Amino acid sequence: MQDHENVHLVLDEHSGSGFKSKESYYHGFFSASIKLPANYSAGVVTAFYTSNAENYPQNHDELDFEFLGVVPGMPYTMQTNIYGNGSVGTGREERIHLWFDPTADYHKYSVLWNEYHIVFFVDDIPIRQMIYSDDLGGQYPSKPMFLYATIWDGSLWATEGGKYPVEYSKGPFIASFKDFKLHGCELTPSQSSEKCFSRDVLNQLAMLSAHKDLHSQQKDNLKWARSNYMFYSYCDDVRRYPEPLPDCRASRATPKLSGSISRKKRNKLHRQHKEDPARSKKDLDHSSSHVTSVQKEDIGQRAQLLSETNIRRRLVTTFSSKSASNNFKFADLPPSLRIEQRKKK
């Protein structure tokens with residue numbers, strides 16, 4: 001936009017759009033304030049993510065925020081995901097309903113990635129944490145990544161498993177971005193990661209909040225967000241992963257109260273667990289499997305789609321500054337970003 005501070009991404013019947021950081025980063029903190037498409041936005045996917053699929057097409061890493069469009073009256077769904085070393089067949093999707101209207105104003109979405117953990121934040125509230133362990137091996141993202149944002153047509157799966165596709169007559173669909181932050185170690189694939197473990201770089205990264213672990217208030221906030229608003233986690237999906245993934249073994253071993261269950265039901269299960277742990281575990285498993293059956297089928301379908309092709313990467317192509325619109329030049333962007341646009345299919 002003309003103020004040099006905001007970027008609007010547009011999806012219409014001709015094209016989606018996106019932008020990408022100029023540099024790739026090995027570890028860091030990446031953040032933007034985003035306002036999502038309002039009114040009818042079913043089938044529309046707005047994504048804010050890191051990836052290195054361009055440099056590592058066979059074994060890429062990825063950290064995703066994906067916002068799934070809605071029919072008016074439905075709560076917006078935010079999906080997060082983590083891929084390590086090309087593990088697209090092992091999706092680690094989690095979904096929450098946001099506790100505010102993300103179309104009414106800008107809200108801050110951030111991800112912290114380092115050798116200790118990966119943390120997703122919404123308005124500085126942690127909503128997801130993956131702690132590094134040797135058991136994860138190559139499934140923990142370990143190669144430099146670019147930062148991206150895109151808006152695209154996810155009619156096949158995004159809203160109620162594809163029940164509501166994009167209706168372009170209700171477009172164009174606009175996602176707005178501002179307040180970009182990219183704090184990390186700039187690193188190209190040809191450079192050694194040792195550069196990012198120098199004292200100066202480590203001191204800079206150590207200044208970031210939650211560098212090694214969440215503090216007590218952040219842990220309480222994480223628990224609050226997940227217990228009240230999360231309605232799907234790959235760790236709880238026993239149909240998809242009968243044998244729990246390494247990062248799920250601890251959580252699978254204990255009863256978990258899903259945000260999908262009503263508050264009244266959760267309170268009842270809490271009381272039952274104190275009186276009869278075995279019975280409450282059985283009731284909880286039954287409730288969770290019933291409530292999330294649609295989401296599980298939806299998530300499984302998406303994982304299959306992504307294993308066949310990387311949709312975003314197939315559709316996004318770079319265009320030169322000469323072909324850019326007069327109203328949106330490279331010079332208008334923050335210096336750490338460049339603009340990309342999708343071709344017509």
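Residues are numbered from 1 along each chain as its sequence is written, and side-chain values use heavy atoms, with hydrogens and water left out. In this predicted model, local features need pLDDT of at least 70 and side-chain atom pairs count only at pLDDT 80 or more, whereas totals for chains, interfaces and linings use all residues.

**View 1. An open sheet of six antiparallel strands.** The strands follow the order β1-β12-β3-β8-β9-β10, with antiparallel pairing; strands (E, at least two residues) and helices (H or I, at least four residues) are DSSP runs numbered from the N terminus, and two strands pair if DSSP finds at least two bridges between them. At the edges lie β1 (7-11) and β10 (125-131), each of which pairs on one side only. On average, neighbouring strands of this sheet are turned by 20° against each other, direction ignored, where axes are lines fitted to C-alpha atoms, for helices over the stretch in contact, and angles run from 0 to 180 degrees between N-to-C directions.

**View 2. The pairing of β3 with β8.** Strand β3 (residues 25-35) and strand β8 (residues 107-113) run antiparallel and are joined by seven bridges. Ile34 has His107 of β8 as its bridge partner.

**View 3. Helix α2 packed on the sheet.** Helix α2 (residues 216-229) touches β9 (117-122) and β10, and its direction makes about 100° with that of β10; contact here means heavy atoms within 4.5 Å.

**View 4. The disulfide of Cys185 and Cys196.** The sulfur atoms of Cys185 and Cys196 are 2.0 Å apart, and a disulfide is counted for a pair of cysteine sulfur atoms within 2.5 Å. The link is left-handed, with -80° about the S-S bond, and it connects distant parts of the chain, with Cys185 in strand β12 (residues 173-186) and Cys196, 11 residues apart from it, in the loop between β12 and α1 (199-206). Both Cys185 and Cys196 are buried, a term that means under 20% relative accessible area, with exposed over 50% and partly exposed in between (1.4 Å probe, protein chains only).

**View 5. The disulfide of Cys235 and Cys248.** Cys235 and Cys248 form a disulfide with their sulfur atoms 2.0 Å apart, and this link is left-handed, with -75° about the S-S bond. Cys235 and Cys248 are 13 residues apart, both placed in the loop between β13 (230-233) and α3 (249-252), and both are buried. The count comes to two disulfides, and with the bonded cysteines of the protein numbered in sequence order the pairing is 1-2, 3-4.
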